[in-house]
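Here is a short note to read beside the model. Please keep the structure open as you go through the points.

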Amino acid sequence: MGKGGRKPTNLIPDCKLFACLPLILSVDYCLVVKLSSDGKKVLCETCFAARPSKETWMNKQSLTAHLKSPLHTDSVNVQAIKASNQQAREQLQRERKVEEMEFVKLSAGAPPLPPQASTAPAHKPSEEEQEIWDSLLCSDASFDIGSDPNLAAAEERRRLEEEAVNFGLWYPEGQGEPEGDLLPDDEDDILAELLENACPDLDDILHEEDHKQPNTSAPWSPYESKTMFLLDTLDNLPRMRISNSLMRVILWVLKECGARDVPSLHRFRGVQASLRTSGVPTIHRKSPKGNLYSMNDPRALVAMDWANPLVCNEIHPYPVIPVDGIISEVYHAAKWRTVDRHTLSPMYNAGNNRHYYIDEVALLKGGDFIIPLRWLEYSDGNIVAEAYSITFNEEGHAAVEDFEMILVKASDLQYNFLDLMDQARVPIWQEDTINKGYPGLMPNPDRALAQGDPLYSSWIDVFGDDVSGNRSKSWNKHWNIYISHRGLPRKLLYQEFHVHFVSTSPVATVSEQFHGIKEIIESTHKEPVKVQHGTSGEQMRFKIYVNCGPGDNPAQSEVCGHIGGKGNHPCRKCLVGGTQQSKESDAGYHNLFHSGTSRTAEEIFQDVQRQVKLACLGIAKDVQEEQTRKGIKDAYTQFWIEELIQRARKLRKETPSRSTQDIQTELFDWVSEHTSDIYNPFLSLKGFDPALDTPVEILHTILLGVVKYLWHSTHTNWTAHQKNIYALRLQSTDQSGLSIHAIRANYIMQYANSLIGRQFKTLAQVNVFHVHDLVDNTTFLLTKA
C-alpha cells in the first residue's frame, strides 16, 4: 500500500506521464505501471513481480530515475531468468511426450554439446536421477554457502540506495531531480515512511537506552550526555527548522554508526522541555495602556554571565582606569566615574569573608583611618579606592577631611567596619562630622541586602527599536528590546551570544515594554539577585542599572520625550533653536551651529508634569503651546494627556457648577496616585539620563544625512561617460584595511538615488580617491572633510 494506506485502483498508466518519459522497453517483457487513486504515486510492476513481498510506491517524478537505477536493472534480469526457466519447463514437457526419441536435457540458455565419437554406449539416467535433475531445473532454488562480508556491505548499501530512490530522497549523479518541490508535510511523511522501512524497531531499541539511569552530574550537566548536548544544539540552530521526522532520522543514523548515549525522540524532547523550565523564565505582562506582551527575565540573562566560567572573569564590576590613558571600553569612560557612586559596586572583597563597603570607616595597615567613596580598578588589575582621610584632634575625636580625595590601594586595607566594631575601635566623631551625616551612613545599608555575600553592580545597555516582523519587504512593525552586559569588553559584546533578546510586541511600544523591565531592574536594588560565581563557586549577588539606551535617532527621540527634528527645538540633547522667526534672524541662524543649554531627565520630567497638569483643565491648546515652547512631547505620556483632556471635559459637562480648579485638583490627585503608570519610565530611572545617555548614531546623522546629500550633489551632474569612469575607479578600489562589504560599482551607479547605509559608508571612505577630477573644488573639499 502507498502512503496513507491508499489502494491502487487504476491499472492503466497515465498517458500524459509516459508521453514525457524517455522509456526504452525491452522486447522480452512489457513495462506496466500502476497509478494510485490520487494519481500522485506509481508502482513499477517489473520490480513488484521480482519482489512481491515489497510493494513500494514512488512519486511520479522519481520514475525516470528508478528506471535507470540498479534496483530496476536487477528486477529486469530476474524477470528474464524467470522467463527463461519457464521456457525450459515448457520444453521439458514437450520432450517427455516424444518417448521414442532420446535427448540430452540441458539447462536453459546453454549451447548444445558437440558430437563426440565414442564407442561407449550412451548413458541413460535412472528414474531417481532424472527426478533430481528435473527438480533443480524447474525450481528457483539456490545454494547458499555463506555470505561474503564485502558483498553483505554492498548489499546493505544497495538496499539503502533502493529505499532512497524509491522515496524520491536521493538522486544519484546523472539521474536528475524531480520537477517541483515537496511541501514540508510531504517531506516529513516520506522521512517517517523511509525510516519505518529501514528500521521498524528503532523506537524499541532507543527506548532500551532510555531505561538507563541518566548521569546529570557529568561534565555535560544539565544535559545527560555529550550526545544530548550536541543534539539540542543542532535542534536550536538559528533559521534552521528540524522536524520530528528528520530528528528521528538523525537519531537512527547515530545509532547505525555506533554512537553512544543515543536517546529516543520522546526522551530527547522530554529533556528539552525540562531544560526550558530551568532556563530563562518568560514573564507575561500587561502595560498600563492595556497592551499584552511577554519578556525574558533580564535578571536571569545577567545571572548567566556571572555563572558562565568562560565569561565571569571578563566582567569588570568597577570603573577601570586605563594605564595608557586610552579610552577603549565603556568602563574606561567618564560616566562610571561621575555617576551617583551608590549605583556602582559598593564593596571590595578582600577574601576570608571580609568586605569593605563605601561610606564605612576602615583601617589601613599603616594605622590611618579612611572612608572609601568609590572603588576603582586599574587596567592591570589592581583595585584602588577614592577615599576621604580621617584626622583626630587633641581630644581624640575624628573628623572627615572631605575637601580632598585620595587614592588608596585595596591591598593596604587591614580592618573593615565590622572588625573595628568588634575591637571597639570605631572613632568618636566630632560634632561637625556628625552634622554632615557621615556616621549615619554606617553601616552601609547594602551590607544588610548582601547578607554576607559579595555584592556588585551590573550595568546594561537597553536597545529598543521598531523592526519588521516579516521576511519579505512588506512592513510589519514590531518593537524589540535587547540588552547587553556593559561590564564585558567589546571583543565579547561584538559576538551575537552577548546580545540578549528581552521582548517584542506589535502593539506595545518600547516605552511600554520598558515599563515592565524597569520594575524588574528596580526590584534588584531592594533584593539583589543571587548567583554562584562561575569559577570560584562562591555565592554572590548583584544589582542591575542601565548604562545607556543605544538605538537610532527616531527611537531615542521618543525615549527622551522629544517632539522630533521638526520642532522649534530640534535637538533632544540641548535647547538649541527657537521660534521660526528667531531662527530666520542672523543671530538665531548662527546659534543653530552651537550647542544650547543641555537638557536633563529631571527638567524633561518637570516639563511633562506641567503638561499633564494643564491637561487636567481640559484645554488642549494650552498643552500644545507648552509642548512647542521647549520641544518636549513625550509619546508615552501623550496617551494619558489626551485621556485627561477628555475626562476633564466630561466632568465639566456633567457638573457645570464645579470650578475648573476643583476638576483639575481631582484629576491631578488621580495622576499622583498612578505616577509610575503615567510618566515615561525612562525619565525616572536611577543612574540613567535619557538626554545624556542616548548616544548619537551615525546612520541617520551622518550616512543618511551629510553623506547622502553630498553624494546626491556629486553624481547628479555627471554625464554617462563620467559615470562609467567613476564606476571603473570604484570597482578597482583596493579594500585592504577597509571594514566594508564587497563593492558593487555598477549597482551603486544604477541605483544611485536608492542607496542604503552600508553603501554610503563605503562611499564616505573611498570617494576622495575617485572624484577629484569629476566634481568642482567646493564639492571635493567637502568630500575630503
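The points below go from the whole protein to single residues.

1. Basis. This is a predicted model, with residues numbered from 1 along each chain as its sequence is written. Local features need pLDDT of at least 70, side-chain atom pairs count only at pLDDT 80 or more, totals use all residues, and side-chain values use heavy atoms, without hydrogens and water.

2. Overall make-up. The protein has 31 helices and 19 strands. These are DSSP runs: H or I of at least four residues for helices, E of at least two for strands, numbered from the N terminus. Of its 785 residues, 41% count as buried. Buried means under 20% relative accessible area, exposed over 50%, and partly exposed in between (1.4 Å probe, protein chains only).

3. Contacts. Take contacts between residues at least 6 apart in sequence: 62% of them join residues at least 24 apart. A contact means heavy atoms within 4.5 Å.

4. A cis bond. Methionine 442 and proline 443 are joined by a cis peptide bond, with omega at about -5 degrees. Proline 443 lies in the loop between α15 (431-436) and α16 (445-450).

5. Glutamine 451. Glutamine 451 is exposed, at 59% relative accessible area.

6. Asparagine 353. Here too a non-glycine residue has a positive phi, about 60 degrees. Asparagine 353 sits in the loop between β7 (347-349) and β8 (355-357). Its relative accessibility is 61%, so it counts as exposed.
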